[in-house]
Amino acid sequence: MSNFIVTVAANTNLRICFPSVYFFWTTFLFRNWIVLSYCCYLIFIKILDMQIVDVYKRIDLEIINGKGCYVCDKSGTQYLDMFGGHAVISVGHTHPHYVSEVNRQLNLLGFYSNSVKISIQEQIADKLGKISDKENYNLFLCNSGAEANENALKLASYQNGRKKVIAFTGSFHGRTSLTAAATNISAIAAPVNETPHVIFYRITT
Ligand SMILES: Cc1ncc(COP(=O)(O)O)c(C=O)c1O
């Protein structure tokens, strides 16, 4: 019986590995109980449906496609999208150039480590340097605003050897350790993020 419990526990925690993990363990450990344990698995899967973490309060709306500055929900209702790509990807939706460039790259290579030379990184550094007139700067590429802020704080600290950071109350810098530490919003900064190194100032008008 203990094998049976282990099997079910493993599968409820690793539901995404179904069916390979499930059948591997059940056939391996429990040949005679396959049908019964499979039924139990189905019951567990129903009870313990994995939920998405509500990072934001969700609007009851499911957007399924978009074109230009319009998006459409499941029922075909069209909306003028004024969300602006969360202020980080305000390029509209499914522009043919954007789609073909992302496709072109994915057809070549989706991901590779920074430990090798990646010439498109150099191309973007070159373009950004020219556009911003900062050609003698180094470019650090990362995936999110939080990483950008986290690394900006670390770079400043490496450079000046100091530990103290000044931040404003109510400001938001991201959800990584140091950016959360510099964000005194309890929903963002957990107790473990609290540090005496960050000093908060309140802006008064
Ligand atoms: C001012 C500011 N800083 C940092 C961030 C964090 O960016 P990301 O969600 O990409 O980590 C955001 C994101 O909304 C932001 O608005």
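Four bridges join β1 to β2, and these two strands run antiparallel. Here, two strands count as paired if DSSP finds at least two bridges between them. Strands (E, at least two residues) and helices (H or I, at least four) are DSSP runs, numbered from the N terminus. Before we go on, note that this is a predicted model: local features need pLDDT of at least 70, side-chain atom pairs count only at pLDDT 80 or more, and totals for chains, interfaces and linings use all residues. Residues are numbered from 1 along each chain as its sequence is written.

Back to those strands. Look for I63, which stands opposite D73 in β2. β1 and β2 make a hairpin with two residues between them, and G68 in the turn has a positive phi of about 60°. On to the next pair: β2 (residues 70–73) and β3 are antiparallel too, with three bridges, and Y70 stands opposite L80 in β3.

Put together, the three strands form an open sheet in the order β1-β2-β3. Ignoring direction, neighbouring strands are turned by 30° against each other on average, using axes that are lines fitted to C-alpha atoms.

Now for the helices. α4 (residues 96–108) has 13 residues and reaches 18 Å from its first C-alpha to its last, close to the 18 Å expected at 1.5 Å a residue. That expected span is 1.5 Å times one less than the number of residues. The number of buried residues in α4 is zero, so this helix lies largely in the open. (Buried means that 20 or more other C-beta atoms, placed from the backbone, lie within 10 Å of the residue's own.)

What about α5 (residues 119–132)? Its 14 residues should span 20 Å, and its end C-alpha atoms are 20 Å apart, which agrees. α5 is hardly covered, with a buried count of zero. Just after α5, D133 takes a positive phi of about 60°.

Next, find the ligand. The residues around it are S144, G145, A146, N149, F172, H173 and G174, each with its C-beta atom, placed from the backbone, within 6 Å.

Finally, zoom out. The chain has seven helices and five strands, following the pattern α-α-α-β-β-β-α-α-α-β-α-β along the sequence. Buried residues make up 8% of its 205 residues.

Conventions: Axes are lines fitted to C-alpha atoms, for helices over the stretch in contact, and angles run from 0 to 180 degrees between N-to-C directions. A residue is buried if 20 or more other C-beta atoms lie within 10 Å of its own, exposed if 12 or fewer, and partly exposed in between; C-beta atoms are placed from the backbone.
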